[in-house]
Amino acid sequence: MRCATDVFTLGHSPDPDDAFMFYAIAKNKIDLRGYRFEHQLEDIQTLNERALRGELHISAISIHAYAYVADKYALLPCGASMGDGYGPLVIGKSGTAAEDVHLRDRVIAVPGKMTSAFLALQLYLGDFRHIVVPFDQIFDAVKNDRADAGLIIHEGQLTYAKSGFQKIVDLGEWWKKQSGLPLPLGGNVIRKDIPADVRRDLLEIMRESIDFGLAHREEAVTHSMPYARDMNQQLADKFIGMYVNDFTRDYGDKGRAAIRKFLGDAHRAGYIETPAAIEFAE
């Protein structure tokens with residue numbers, strides 16, 4: 001049974017890894033099976049908020065935010081952003097001490113309270129003082145002393161040193177050491193009210209788009225460059241490689257275990273009120 005609409009809203013962030021993943025869809029490089037996609041580019045915090053309202057058919061989302069939208073959306077098994085031994089960073093000005101006790105006493109600029117980076121920092125630090133700042137203004141917030149440290153996502157993970165900052169902690173590295181698992185940062189979700197056969201079509205289109213990018217890497221990276229803030233092509237290719245990989249093709253058992261542990265630990269620590277009913281679209 002076809003859906004009432006053959007046009008689907010597809011939300012993703014204006015970042016090189018998402019642009020890489022959706023290149024084949026955006027440029028009709030694969031068989032779209034008669035469906036059309038309306039790409040809506042928003043920062044991840046905005047996408048999380050829109051998912052709370054169920055506005056988009058398919059959307060990139062923080063794994064943290066999925067705990068609050070599991071009634072409306074299922075996780076697609078492809079499209080994940082996993083930090084396998086690396087991930088969001090807490091940075092400070094050069095010379096910043098790294099002891100946790102000092103971090104807890106500092107004001108940390110964070111890119112949104114529903115981001116997975118924020119939840120990972122809660123699990124790492126416990127309670128801490130923070131201000132919410134758009135992700136691309138966090139360097140400025142630290143530089144101008146609005147905050148003592150910043151929680152960095154996206155390309156800032158590779159450009160912080162060039163911008164005059166130093167790493168205090170890598171949350172993906174910490175998570176890997178204490179759990180043995182990758183840190184689940186982002187995923188793609190699909191609305192549950194879409195008929196099952198259509199969901200399967202859309203899942204296959206998404207997976208084929210990721211596969212096309214991986215198989216035609218140079219042209220997909222080139223397509224992504226307008227979204228590569230402060231990165232040359234070599235650095236953008238490195239960033240894409242960090243977050244578009246085998247976990248992106250499919251979570252696999254390890255990726256699914258990572259999500260369950262991440263959200264389960266957050267619930268047990270009191271940072272998520274109710275346990276997330278995790279459902280993967282098939």
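Colleague: Before we start, what should I know about the model?

Modeller: It is predicted, so local features need pLDDT of at least 70 and side-chain atom pairs count only at pLDDT 80 or more, while totals for chains, interfaces and linings use all residues. Residues are numbered from 1 along each chain as its sequence is written, and side-chain values use heavy atoms, with hydrogens and water left out.

Colleague: Okay, how do I read empty space in a protein?

Modeller: Rolling a probe the size of a water molecule over the atoms shows where empty space is left. On a 1 Å grid over the protein atoms alone, a cavity is a set of points where a 1.4 Å probe fits but cannot get out, and a pocket is an open set with protein on both sides within 12 Å along at least five of seven lines; lining residues have an atom within 4 Å of a point. Points are joined across faces, edges and corners, and a volume is the space filled by probe spheres set on them.

Colleague: How much space lies in the largest pocket?

Modeller: About 230 Å³. It has 16 lining residues, and F135, D136, F139, E155 and D230 are the closest to its centre.

Colleague: Which helix gives the largest share of that lining?

Modeller: That's α7, with 4 residues. Helices here are DSSP runs (H or I, at least four residues), strands are E runs of at least two, and both are numbered from the N terminus. Helices α7 (138-143) and α8 (156-159) each supply at least two residues of the lining. Sorted by class, the pocket lining holds 6 nonpolar, 4 polar and 6 charged residues. For those classes, Ala, Val, Leu, Ile, Met, Phe, Trp, Tyr, Cys and Pro are nonpolar, Asp, Glu, Lys and Arg are charged, and the others, Gly among them, are polar.

Colleague: And how many cavities of 30 Å³ or more are there?

Modeller: The count comes to 1. The largest cavity holds about 340 Å³ of space. Its lining has 23 residues, with I44, S81, H154, L185 and G186 nearest the centre. Strand β11 gives the most, 4 residues. Among the other elements that supply at least two are α1 (16-21) and α12 (233-243). By class, the cavity lining divides into 10 nonpolar, 11 polar and 2 charged residues.

Colleague: Now helices. How do I describe a packed pair?

Modeller: Two packed helices are described by the angle between their axes and the distance between the axes. Axes are lines fitted to C-alpha atoms, for helices over the stretch in contact, and angles run from 0 to 180 degrees between N-to-C directions. Angles under 35 degrees are roughly parallel, over 145 roughly antiparallel, 65 to 115 roughly perpendicular, and the rest oblique.

Colleague: At what angle do α9 and α14 cross?

Modeller: The axes of α9 (residues 171-179) and α14 (residues 252-268) cross at roughly 100° and come within 13 Å. That makes α9 roughly perpendicular to α14. Contact means heavy atoms within 4.5 Å, and here W175, Q178 and S179 of α9 meet A258, K261, F262 and D265 of α14. Those residues divide into 3 nonpolar, 2 polar and 2 charged.

Colleague: What about α10 and α11?

Modeller: The axes of α10 (residues 196-215) and α11 (residues 217-224) come within 5 Å and cross at roughly 105°. So α10 is roughly perpendicular to α11 as well. F212, G213, L214 and A215 of α10 make the contact with R217, E219 and A220 of α11.

Colleague: Last one: how do I read a single residue? Is P77 buried or exposed?

Modeller: Buried means under 20% relative accessible area, exposed over 50%, partly exposed in between (1.4 Å probe, protein chains only). P77 has 2% relative accessibility, so it counts as buried. P77 sits in the loop between β4 (73-75) and β5 (81-83). Leaving aside neighbours within four places in sequence, its contacts include L203, R207 and F280. The C-alpha atoms of P77 and R207 are 8.9 Å apart, though 130 residues separate them along the chain.

Colleague: Where do N28 and R33 lie?

Modeller: N28 is in the loop between α2 (23-26) and β2 (36-41), and R33 is also in the loop between α2 and β2. N28 has a positive phi near 55° in a residue other than glycine, and R33 likewise has phi near 55°. N28 is exposed at 56% relative accessible area, whereas R33 is partly exposed at 27%.
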